[in-house]
Amino acid sequence: MTYLTPEIDLGGEQMTCKVRISSPLRRFAGGAREFQVEAATVGDLIRVIEADHPGFAAKVIDDQGQLRRFINIYVNQEDIRFAGGLATPLKDGDEVSIIPAIAGGSGGH
Amino acid sequence: MAEKGAIEERGDLNPERIRRYSRHMLLPEIGVGGQRKIAKGKVLVVGAGGLGSPAAFYLAAAGVGRLGLIDGDLVDLSNLGRQILHSTPDIGRPKVESAAEKLRRLNPDVEVVVHEGRLAPSNALDLFSRYDIIVDATDSFAARYLINDACVLTGRPFVHGSVLRFDGQASTFVPGSGPCYRCLYPEPPAPGTVPSCQEAGVLGPVPGIIGTIQALEVLKLLAGAGRTLAGRLLLFDGLALRFDEVNLGRDPGCAVCGDHPTIKGLIDYDAFCGLAPDGGPDARNPRPLS
């Protein structure tokens with residue numbers, strides 16, 4: 001798997017997904033709001049990001065290898081929990097959004 | 001100046017009300033009928049801070065019949081960058097008092113009801129049953145799960161809003177029709193996992209935008225206009241100035257609204273969110289157990 005940075009243009013033959021990460025997780029994935037990743041499934045996508053940003057996967061995946069329950073991942077606006085979970089396949093041009101819950105607030109939580 | 005009467009009387013559009021709400025009634029999607037429905041509506045805004053300020057402000061401006069407020073906090077200087085219902089002279093006052101004063105001044109036609117104390121498992125069911133729609137303008141995961149469960153158990157629709165830094169989320173949850181908040185987020189993050197605004201910051205207009213969207217959703221629900229956010233999660237990125245949305249589905253296994261619910265009464269939400277009985281590390285704002 002190749003993690004593509006925006007500066008690298010490998011032409012139209014590569015299978016790429018656009019990843020959007022919401023605020024609380026952004027700093028664990030290099031700080032970018034939006035970037036491109038080449039991956040075959042959602043699980044692969046997380047591994048690819050982890051390879052460049054160690055520690056990211058642990059924020060998203062728990063000890064049992066499951067998606068943490070305060071985080072949702074959407075492929076083209078559809079929740080992967082209703083699709084194939086982390087095994088949800090990706091295709092060229094898919095948009096993957098990683099959205100954790102936020103609460104605002106004063107630090108009570 | 002119109003006299004305050006029973007909530008049913010607010011549906012009577014006297015000349016003053018016709019003038020005040022003229023811009024609403026010109027809208028085909030609202031009209032006289034929609035404004036009457038708004039005038040008979042009973043809405044509880046939980047939280048009179050960053051989200052609750054714009055939400056309550058616009059709901060009062062729109063002439064919601066009964067507007068309830070509940071928030072146990074006092075106005076603090078650190079609030080005034082975004083909590084636009086409050087002003088410098090209000091520092092140290094209970095937020096609900098400060099808010100009620102401004103809302104009544106804006107629109108004396110609205111019955112503003114101040115509820116003392118905090119929303120808690122001991123009062124939520126009774127309180128929610130007195131209103132038609134709930135606005136979640138709170139600032140903790142514990143409060144959000146409490147509101148969700150109480151709304152599911154009382155069958156009340158609620159409009160959710162949340163913000164952090166430059167980001168916001170909003171949705172409308174209608175029990176019995178689509179997902180609830182637990183379907184979206186079955187469990188909260190462990191304490192310390194997701195920062196609060198106090199820790200990470202928030203830019204004033206961001207809750208302004210999300211709270212205003214919450215008011216808009218309430219008015220649409222009351223008037224029966226347009227398409228609400230039910231079944232969708234609105235995502236706002238204030239830095240890129242971009243709105244996105246994702247689709248939400250009801251989880252048949254949801255603990256409170258699923259086919260075989262395991263939550264049939266309100267629970268200890270501080271414990272559920274992993275907090276100590278005093279509400280966590282912020283000892284200045286204890287959140288009591290029921």
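**Stop one: where the chains meet**

Keep in mind that this is a predicted model. Colour by chain and look at the contact: 42 residues of chain B touch 24 residues of chain A. To see what chain B brings, select its α7 (141-154), β5 (158-164), β6 (167-173), α9 (197-200), β7 (232-237) and β8 (242-247); these are the elements giving two or more residues to that side. Colour this side of chain B by class and you get 21 nonpolar, 11 polar and 10 charged residues.

**Stop two: the sheet**

Now show the strands of chain B. An open sheet of 8 strands runs β3-β2-β1-β4-β5-β6-β7-β8, with mixed pairing. Neighbouring strands here are turned by 15 degrees against each other on average, ignoring direction.

Zoom in on β7(B) and β8(B), an antiparallel pair with 6 bridges. Pick B:Leu233 and look across: which residue of β8(B) is its bridge partner? That's B:Val246.

Next, bring back α7(B). This helix lies across β1 (42-46), β4 (133-136), β5 and β6 of chain B, and runs at about 165 degrees to β4(B).

**Stop three: two helices crossing**

Select residues 52-61 and 205-223 of chain B, which are helices α4 and α10: their axes come within 7 Å and cross at roughly 35 degrees. The crossing is right-handed. Show side chains for the contact, including B:Tyr58 and B:Leu59 from α4(B) and B:Ala215 and B:Val218 from α10(B). By class, this contact has 6 nonpolar, 6 polar and no charged residues.

Terms used. Residues are numbered from 1 along each chain as its sequence is written. Chains are lettered from A and ligands numbered from 1 in the order in which they are written. This is a predicted model: local features need pLDDT of at least 70, side-chain atom pairs count only at pLDDT 80 or more; totals for chains, interfaces and linings use all residues. Axes are lines fitted to C-alpha atoms, for helices over the stretch in contact, and angles run from 0 to 180 degrees between N-to-C directions. Helices (H or I, at least four residues) and strands (E, at least two) are DSSP runs, numbered from the N terminus. A crossing is left-handed if the near helix is turned anticlockwise from the far one by less than a right angle, and right-handed if clockwise. Two residues are in contact if their C-beta atoms, placed from the backbone, lie within 7 Å. Ala, Val, Leu, Ile, Met, Phe, Trp, Tyr, Cys and Pro count as nonpolar, Asp, Glu, Lys and Arg as charged, and the others, Gly among them, as polar. Two strands pair if DSSP finds at least two bridges between them.
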